[in-house]
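Please open the structure in your viewer and keep the selection tool at hand.

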Amino acid sequence: MRLNQSGASEIELPSLPTHRAEDLTQGGTQALIVLNDQVYSLRITRAGKLILTK
């Protein structure tokens with residue numbers, strides 16, 4: 001744990017792959033994600049939230 005500039009503590013997280021939702025949807029609002037032969041739909045709502053459904 002370390003302190004940031006304002007003095008609040010921060011927890012260091014392991015480095016994880018990071019993907020922008022806009023890149024996954026290629027600028028649109030939906031993308032399909034496949035896991036173990038199952039297809040999931042990722043949708044960006046008008047409110048800017050993400051919904052992942054099977």
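Begin by selecting Arg20, Glu22 and Asp23, which are linked in a network of salt bridges. Please keep in mind throughout that the model is predicted.

How many salt bridges does a search of the whole structure find? The search finds two. In one of them, the side chain of Arg20 meets that of Glu22, with a distance of 3.5 Å from N to O. In another, Arg20 forms a salt bridge with Asp23, and here the closest N and O atoms are 3.9 Å apart. Side chains of opposite charge can pair when their charged atoms come close. For this tour, a salt bridge requires a side-chain nitrogen of Lys or Arg within 4 Å of a carboxyl oxygen of Asp or Glu.

Now display the surface around these residues. Is Arg20 buried or exposed? Arg20 has a relative accessible area of 52%, and exposed means over 50%, so Arg20 counts as exposed. Asp23 is exposed as well. Glu22, with a relative accessible area of 40%, is partly exposed.

Next, select the strands β3, β4 and β5. They form an open sheet of three strands in the order β3-β4-β5, with antiparallel pairing. The edge strands are β3, residues 30-35, and β5, residues 50-53; each of these pairs on one side only. From one strand to the next, the twist averages 25 degrees.

Strand β4 covers residues 38-44 and pairs with β5 in the antiparallel sense over four bridges. Select Ser41 and look across to β5: which residue is the bridge partner of Ser41? The partner is Thr53. Moving on to Leu42, one finds Leu52 of β5 standing opposite.

Follow the chain from β4 into β5 to see the hairpin, which has five residues between the strands. Select Gly48 in this hairpin; Gly48 takes a positive phi near 85 degrees.

For the last stop, select Leu32, Val34 and Val39. These residues form a nonpolar patch on the surface, and together they have about 310 Å² of accessible area. Val34 belongs to strand β3. Why is Val34 classed as exposed? The relative accessible area of Val34 is 59%, and exposed means over 50%, which means that Val34 falls in the exposed class.

Definitions and conventions: Residues are numbered from 1 along each chain as its sequence is written. This is a predicted model: local features need pLDDT of at least 70, side-chain atom pairs count only at pLDDT 80 or more; totals for chains, interfaces and linings use all residues. Side-chain values use heavy atoms; hydrogens and water are left out. Two strands pair if DSSP finds at least two bridges between them. Helices (H or I, at least four residues) and strands (E, at least two) are DSSP runs, numbered from the N terminus. Axes are lines fitted to C-alpha atoms, for helices over the stretch in contact, and angles run from 0 to 180 degrees between N-to-C directions. Patches are made of residues with over 30% relative accessible area and no salt bridge: like charges are joined within 9 Å, nonpolar side chains (Val, Leu, Ile, Met, Phe, Trp, Tyr) within 5 Å. Accessible areas come from the Shrake-Rupley method with a 1.4 Å probe; for residues, only the protein chains shown count as cover. Buried means under 20% relative accessible area, exposed over 50%, partly exposed in between (1.4 Å probe, protein chains only).
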